[in-house]
Amino acid sequence: MMSRTLRLSDGLAVRVLAAGTGAPLLLIHGVGMRAEAWGPQIEALSPECRVIAVDIPGHGASDPLPGTPGLADYVAWAARVIEALGLGPVSVAGHSMGSLIAAGLAVDRPDLIRRAALLNGVIRRSPEARAAVLARADEIALGGGNIDGPLARWFGPGEDAIRDRVAGWLRAVPQAGYAAAYRAFAEGDATYADRLARIRCPVLAMTADGDANSTPGMSREMAALAPFGRAVVITGHRHMLNLTAPEIVTAELRRWLATEETLA
């Protein structure tokens with residue numbers, strides 16, 4: 001696995017982890033994480049394709065976006081990343097906030113996307129859930145945001161080692177980048193919801209039955225809206241699915257990667 005800095009057309013720097021050769025697969029992590037959060041998938045899939053994991057803006061070693069970015073700004077950023085990679089259209093898989101970016105790419109830039117996988121994504125939160133996530137965004141913006149609550153929601157018994165690794169990433173993320181991305185995540189659950197029907201590539205929407213925020217119903221709704229969508233719900237896990245159930249997730253990604261690109 002090689003780490004390097006990619007320079008975008010607007011001058012922003014993006015940290016990239018890359019491994020393998022073949023058809024390109026772009027991996028986009030969630031808020032508070034970094035490219036290493038895709039470690040199991042990079043290791044498993046790099047013998048079969050060119051796997052590229054990125055630090056999203058303001059995370060790891062990637063420059064933040066200017067101003068107060070919304071979800072569409074992160075989508076436009078990801079499009080510039082794909083263009084800067086110079087590998088042609090990619091398959092893209094995103095987790096949590098990354099899944100919102102992946103869905104936005106499939107809507108806004110279909111010329112760049114072969115397939116989209118939406119792991120532990122959200123769509124049209126309930127009023128109660130939206131109020132809670134917006135309150136946390138406000139808390140993080142003020143420099144608060146205790147990580148114990150998210151970790152308790154994300155992990156179950158027997159997952160202490162993975163929980164500790166994720167806690168380390170959360171503690172290390174720059175506060176400004178974390179706050180900006182969380183705000184976009186909190187406000188972005190409906191940004192592309194009414195346009196998912198425009199997607200003309202294969203879509204995998206996958207979550208866990210124990211994920212209280214990225215619920216099975218949300219994944220089923222996203223899969224139903226996308227003309228070529230498929231929903232998968234994995235039992236016995238929570239939010240950090242690609243780390244706690246890596247073999248199952250990788251097997252589903254392999255199935256998704258083998259899906260014909262043109263189905264219409």
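Analyst: We begin with burial: a residue counts as buried when its relative accessible area is under 20%, and as exposed when that area is over 50%. Please keep in mind that this is a predicted model.

User: Is Ser 96 buried or exposed?

Analyst: Ser 96 has a relative accessibility of 7%, which is under the 20% limit, so it counts as buried. Ser 96 belongs to the loop between strand E5 (90-95) and helix H3 (97-108).

User: What is the phi of Ser 96?

Analyst: The general idea comes before the case. Most residues other than glycine have a negative phi. The phi of Ser 96 is positive, near 60°, and this residue is not a glycine. Asn 120 likewise is not a glycine and has a positive phi, of about 50°. Asn 120 is found in the loop between strand E6 (113-119) and helix H4 (127-141). With a relative accessible area of 0%, Asn 120 is buried.

User: How many helices and strands does the protein chain have?

Analyst: The protein chain has 10 helices and eight strands. Its radius of gyration is 17 Å, close to the 18 Å given by the globule rule for 264 residues, so the chain is as compact as a globular protein of that length. The C-alpha trace spans about 45 × 40 × 35 Å along its principal axes. Of the 264 residues, 54% are buried.

User: Which contacts join residues at least 24 apart in sequence, and what share do they make up?

Analyst: Two residues are in contact when heavy atoms lie within 4.5 Å. Among contacts between residues at least 6 apart in sequence, 74% join residues at least 24 apart. Beyond its neighbours within four places in sequence, Ala 184 is in contact with Pro 69, Gly 70, Leu 71, Tyr 74 and Met 97. Ala 184 and Pro 69 are 115 residues apart along the chain, yet their C-alpha atoms are separated by 6.8 Å. At 2% relative accessibility, Ala 184 is buried.

User: Where is Leu 8 placed, and with which residues is Leu 8 in contact?

Analyst: Leu 8 sits in the loop between strand E1 (2-7) and strand E2 (13-19). Its relative accessible area of 5% makes Leu 8 buried. Apart from neighbours within four places in sequence, the contacts of Leu 8 are Val 14, Trp 77, Arg 80, Val 81 and Ala 84.

User: How many aromatic pairs are found in the whole structure?

Analyst: For aromatic rings, one reads the distance between centres and the angle between planes; an angle over 60 degrees counts as edge-to-face. A search of the whole structure finds two aromatic pairs. In Tyr 178 and Tyr 182, the ring centres are 6.4 Å apart and the planes stand at 80°, so this pair is edge-to-face. Tyr 182 and Phe 185 have ring centres 5.8 Å apart and planes at 70°, so this pair is edge-to-face.

User: What separates the members of these pairs along helix H7?

Analyst: Tyr 178 and Tyr 182 are four residues apart in helix H7 (residues 175-187), and are therefore separated by about one helical turn. Tyr 182 and Phe 185, three residues apart in helix H7, are also separated by about one helical turn. Tyr 178 and Tyr 182 are buried, and Phe 185 is buried. Tyr 178, Tyr 182 and Phe 185 form one aromatic cluster.

Terms used:
Residues numbered from 1 in each chain as written. Predicted model: local features only at pLDDT ≥ 70, side-chain atom pairs only at ≥ 80, totals over all residues. Heavy atoms only, no water. Helix = DSSP H or I, 4+ residues; strand = E, 2+ residues; numbered from the N terminus. Rg over C-alpha atoms; globule rule 2.2 N^0.38 Å. Buried < 20%, exposed > 50% of the residue type's maximum accessible area, 1.4 Å probe, protein only. Phe/Tyr/Trp six-rings, centres within 6.5 Å; stacked < 30°, edge-to-face > 60°.
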